[in-house]
Amino acid sequence: MTSAGVTRPTRLHHHHRHREVVLGVDTHKDAHVAAVVSTTGKLIASCSFSATSDGYRQLLDWARSHGTVDRAGVECTGSYGAALSRFLRGSGVGVIEVNQPDKATRRRRGKTDAIDAEAAAHAVLSGRATATAKLADGPAEALRLFKMAKVSGVKARTQAINQLRAVLVTANPDLREPLDKLTIPKLVRARIALPKTAAGTATAAAVFALRLLARRVEELDDEIAALKQQITDVISRHTPQLLECYGVGPDTAATLLIATGDTPERLRSEASFASLCGVSPVEASSGKTQRRRLNRGGDRQANSALCTIVLARLCWETRSRSYVERRIAEGKTRREAIRCLKRYVARELYTIIIRAHTTSQDQALAA
């Protein structure tokens with residue numbers, strides 16, 4: 001399949017085949033738009049390719065026909081650009097994760113796929129984009145898929161339970177009163193004992209809906225349990241030390257491993273991990289007040305996981321309670337003391353994640 005949708009093409013000079021160029025790609029579901037930029041920032045060419053295996057090969061061959069490609073800036077490396085990123089990395093091209101162009105540039109230049117692809121290449125060339133793209137073919141990716149399915153299952157279960165309660169609210173008192181005081185598990189099991197009623201009545205419809213919703217809740221319970229077991233198995237196989245930490249469960253461990261990805265070494269230090277999780281300190285001093293706060297950016301799900309771990313430790317672990325009390329005695333508020341504790345927990349867990357990843361790599365090389 002030949003490439004199509006060429007925008008702003010330029011004549012190819014064969015004597016420039018060995019010059020260094022930077023590739024930028026604006027990714028979409030069905031097609032990717034690529035742009036090749038020289039090391040001086042000049043656009044050489046841009047072209048569109050299908051988002052298929054053949055399209056990926058054509059894209060890389062086209063880019064290399066304009067020069068040596070060692071770096072590529074790719075948008076959406078965790079979604080539309082995931083497969084392309086794996087292909088480029090497997091072909092020896094370093095893939096840099098690129099965020100969308102800043103709003104000022106977009107207002108000034110307008111918005112087209114070719115412009116976004118060129119902006120991705122310029123982001124790599126200027127050093128504005130430096131983060132190595134995550135791999136999406138290891139345990140972290142497996143955890144992401146399991147966690148996504150589990151979250152949707154929990155959401156559907158909650159919706160079914162709410163609908164179950166809503167049916168009872170408007171049901172006939174003879175049907176509602178025996179079921180109204182039951183817990184959710186008992187209510188789900190009670191569908192077997194629901195009375196038979198005359199067809200075509202409101203009570204019959206309520207009984208039918210209750211049976212259907214209760215069966216749905218049971219099925220979702222089984223799905224959620226199976227997915228939780230899969231998550232636990234993946235973590236136990238690759239990072240079992242994480243589950244041994246106080247306050248860390250399968251869900252929080254999975255969230256943190258998803259945030260770091262299958263290449264945690266891309267985080268240069270534990271400070272990078274803290275910044276990723278939104279628990280790194282930020283200066284918030286003004287006038288005579290000298291203080292720091294934790295940033296409100298980063299991966300908010302990872303931040304929530306750390307918060308869950310910290311709250312569990314504050315409930316049950318003496319060491320964490322003593323630490324917070326000591327920081328409060330030093331003049332910090334309770335909220336600031338908890339922020340400090342989240343930072344220390346991030347350092348502890350990062351060390352475990354990196355050590356486990358290094359060990360698994362060494363074992364893979366030895367094999």
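Predicted model: local features only at pLDDT ≥ 70, side-chain atom pairs only at ≥ 80, totals over all residues.
**Exercise 1. Find which residues of helix α2 are buried, and work out how they are arranged around the helix.**

Step 1. Helix α2 spans residues 82-90, and its buried residues are Ala 82, Leu 84, Ser 85 and Leu 88.

Step 2. Looking down the axis of α2, these buried residues fall within an arc of 160°, so they line one face of the helix. The arc is that of the directions from the helix axis to the C-beta atoms.

Step 3. Next, ask what covers them: the cover includes β2 (20-26), β3 (31-38), α1 (53-64), β5 (68-75) and β6 (94-98).

Step 4. Compare this with Phe 87, which also belongs to α2. Phe 87 is partly exposed, with a relative accessible area of 24%. Leaving aside neighbours within four places in sequence, Phe 87 is in contact with Tyr 56, Arg 57 and Leu 60, where contact means heavy atoms within 4.5 Å.

Step 5. Just after α2, Gly 92 takes a positive phi of about 85°.

**Exercise 2. Describe the largest nonpolar core and say which elements build it.**

Step 1. Start with the term: a nonpolar core is a set of buried Ala, Val, Leu, Ile, Met, Phe, Trp, Tyr and Cys residues joined through side-chain atoms within 4.5 Å. In soluble globular proteins, nonpolar side chains tend to be buried together.

Step 2. The largest such core here has 36 residues, and those with the most contacts inside it are Leu 242, Leu 256, Phe 273, Leu 306 and Leu 349.

Step 3. Two or more residues each come from α8 (202-238), α10 (250-260), α11 (270-276), α12 (300-316), α13 (318-329) and α14 (334-366). Of these, α14 gives the largest share, 10 residues.

Step 4. Zoom in on Leu 306: not counting residues up to four places away in sequence, Leu 306 touches Leu 256, Cys 277, Val 279, Lys 342, Val 345, Ala 346 and Leu 349.

Step 5. Apart from this core lies another, of 22 residues, among them Ala 34, Tyr 56, Ala 72 and Leu 88.

**Exercise 3. Describe how α10 and α12 pack against each other.**

Step 1. Two packed helices are described by the angle between their axes and the distance between the axes.

Step 2. For α10 and α12 the angle is about 145°, and the axes are 9 Å apart. Axes are lines fitted to C-alpha atoms, for helices over the stretch in contact, and angles run from 0 to 180 degrees between N-to-C directions.

Step 3. From α10, the contact uses Thr 252, Thr 255, Leu 256 and Ala 259, and from α12 it uses Gln 301, Ala 302, Ala 305, Leu 306, Thr 308 and Ile 309.

Step 4. Sorted by type, the contact residues are 6 nonpolar, 4 polar and no charged. Here Ala, Val, Leu, Ile, Met, Phe, Trp, Tyr, Cys and Pro count as nonpolar, Asp, Glu, Lys and Arg as charged, and the others, Gly among them, as polar.

**Exercise 4. Find what Tyr 246 touches.**

Step 1. Tyr 246 lies in the loop between α9 (240-243) and α10.

Step 2. Not counting residues up to four places away in sequence, Tyr 246 touches Ile 309, Ala 312, Arg 313, Trp 316 and Glu 317.

Notes
Residues numbered from 1 in each chain as written. Heavy atoms only, no water. Buried < 20%, exposed > 50% of the residue type's maximum accessible area, 1.4 Å probe, protein only. Helix = DSSP H or I, 4+ residues; strand = E, 2+ residues; numbered from the N terminus.
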